[in-house]
Amino acid sequence: MAEKIRITTPLTEEQSRKLRAGDSVLISGVIYSARDAAHKVMTEALARGEELPIDWHNQIVYYLGPTPAKPGNPIGSCGPTTSGRMDAYTPTMLEQGIKGMIGKGSRDKAVVDSMKKNGVTYFAAVGGAAALISKCVKKYEVIAYPELGPEALAALTVEDFPAIVVIDSEGNNFYEIGQAPYRKFDIDQIK
């Protein structure tokens, strides 16, 4: 198994451009959670010429909606949300300086084009492992849009958060690359 790459936030464009589809990473530092409702609010604020509640430059956004924390824990289960739900807003948000996104599932062409332009990496967190992922979160703090509940903009302090580079800043897609060897077969073998 390949060695895991350790990343400490903030994630610079230079660091992002060195990552390749299929790389396994462990992320430590502060990442920000925001889902489609928060993305919609932020995109609308930008369209009105308003400033956002945080500076997204060199930050990583995690698409999640956490469950309530049990006593003594900073967060409940916190697995990834389907990233495609943010695709309509993503190019605008990447223009704000985001260098990494964490979620699950594929992204549309406009997002991949914006990633290549802006030097952004898309990471996948393991779906179905939300309780395990929560053990990597050391602190969770809502910083904007509390009225959105679990979709609020929040800061998460994470330690060794596991993810895989799914789409790198050159547009290489591990969902396609990883499946390619299994798509080849000899038709005569199945007759």
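## Strands, cores and ring pairs

Reader: Let's start with Phe 161: buried or exposed?

Author: Phe 161 is buried, because its relative accessible area is 1% and the cut-off for buried is under 20%. Keep in mind that this is a predicted model.

Reader: Noted! How many aromatic pairs turn up in the whole structure?

Author: A search of the whole structure gives two aromatic pairs. One of them is Tyr 32 with Trp 56, whose ring centres are 5.7 Å apart.

Reader: And why is the pair of Tyr 32 and Trp 56 called edge-to-face?

Author: The planes of the two rings stand at 75 degrees, so the pair counts as edge-to-face, the cut-off for that being over 60.

Reader: Where in the chain do Tyr 32 and Trp 56 sit?

Author: Tyr 32 belongs to strand 2, while Trp 56 is in the loop between helix 2 and strand 3. They are 24 residues apart, and the pair links distant parts of the chain. Tyr 32 is buried at 15% relative accessible area, and Trp 56 is buried at 2%.

Reader: What about the rings of Tyr 62 and Phe 161?

Author: Their centres are 5.1 Å apart with the planes at 75 degrees, so this pair is edge-to-face. Tyr 62 lies in strand 3 and Phe 161 in strand 7, so the pair ties together parts 99 residues apart in sequence. Tyr 62 is buried too, with a relative accessible area of 0%.

Reader: Changing topic: is strand 2 mostly covered or mostly uncovered?

Author: Mostly covered: strand 2 spans residues 24-33, and eight of its 10 residues are buried.

Reader: How does strand 1 join strand 2?

Author: Strand 1 (residues 5-8) runs parallel to strand 2, and four bridges join them. The chain gets from strand 1 to strand 2 through helix 1 (residues 13-18), and this β-α-β crossover is right-handed. Among the bridge partners, Arg 6 goes with Leu 26 in strand 2.

Reader: Which way does strand 2 pair with strand 7?

Author: Strand 7 (residues 153-167) pairs with strand 2 in the antiparallel sense, over nine bridges. Val 30 stands opposite Thr 157 in strand 7. Strand 2 also pairs with strand 3 (residues 60-62), here in the parallel sense over two bridges; Tyr 32 has Val 61 of strand 3 as its bridge partner.

Reader: And what joins strand 3 to strand 4?

Author: Three bridges do, and the two strands run parallel. Ile 60 has Gly 100 in strand 4 as its bridge partner.

Reader: How many bridges join strand 4 to strand 5?

Author: Four, again with the strands parallel. Gly 100 stands opposite Thr 121 in strand 5. Strand 4, helix 4 and strand 5 form a right-handed β-α-β unit.

Reader: Which way do the residues of strand 4 point?

Author: Gly 100 and Ile 102 point one way from strand 4 (residues 100-103), Met 101 and Gly 103 point the other way, and all are buried. In a regular strand, side chains alternate between the two faces of the sheet.

Reader: Now the packing. How many residues has the largest nonpolar core?

Author: It has 27 residues, and those with the most contacts inside it include Met 42, Trp 56, Val 61 and Leu 153. Helix 2 (36-47), helix 4 (109-118) and strand 7 are among the elements that give two or more residues to this core. Strand 7 gives the most, with four residues.

Reader: What does Leu 153 touch?

Author: Leaving out residues up to four places away in sequence, its contacts include Tyr 32, Met 42, Trp 56, Val 142 and Ile 143. There is also a second, separate core of 22 residues, including Leu 19, Tyr 62, Ile 102 and Val 158.

Reader: Last one: where does His 39 lie?

Author: His 39 is in helix 2. It counts as buried because its relative accessibility is 1%.

Reader: What does the side chain of His 39 reach?

Author: It reaches the backbone oxygen of Arg 35 at 2.9 Å. Leaving aside neighbours within four places in sequence, His 39 is in contact with Ala 34, Val 61, Tyr 63, Met 86, Tyr 89 and Met 93.

Notes:
Residues are numbered from 1 along each chain as its sequence is written. This is a predicted model: local features need pLDDT of at least 70, side-chain atom pairs count only at pLDDT 80 or more; totals for chains, interfaces and linings use all residues. Side-chain values use heavy atoms; hydrogens and water are left out. Buried means under 20% relative accessible area, exposed over 50%, partly exposed in between (1.4 Å probe, protein chains only). Two strands pair if DSSP finds at least two bridges between them. A crossover is right-handed if, with the strands pointing away from the viewer, the path from the first strand over the helix to the second runs clockwise. A nonpolar core is a set of buried Ala, Val, Leu, Ile, Met, Phe, Trp, Tyr and Cys residues joined through side-chain atoms within 4.5 Å. Contact means heavy atoms within 4.5 Å. A polar contact is a pair of N or O atoms within 3.5 Å; within protein, one must be able to donate a hydrogen and the other to accept it, and residues adjacent in sequence count only if both atoms are side-chain atoms. Rings of Phe, Tyr and Trp (its six-membered ring) pair if their centres lie within 6.5 Å; planes under 30 degrees apart count as stacked, over 60 as edge-to-face and the rest as tilted.
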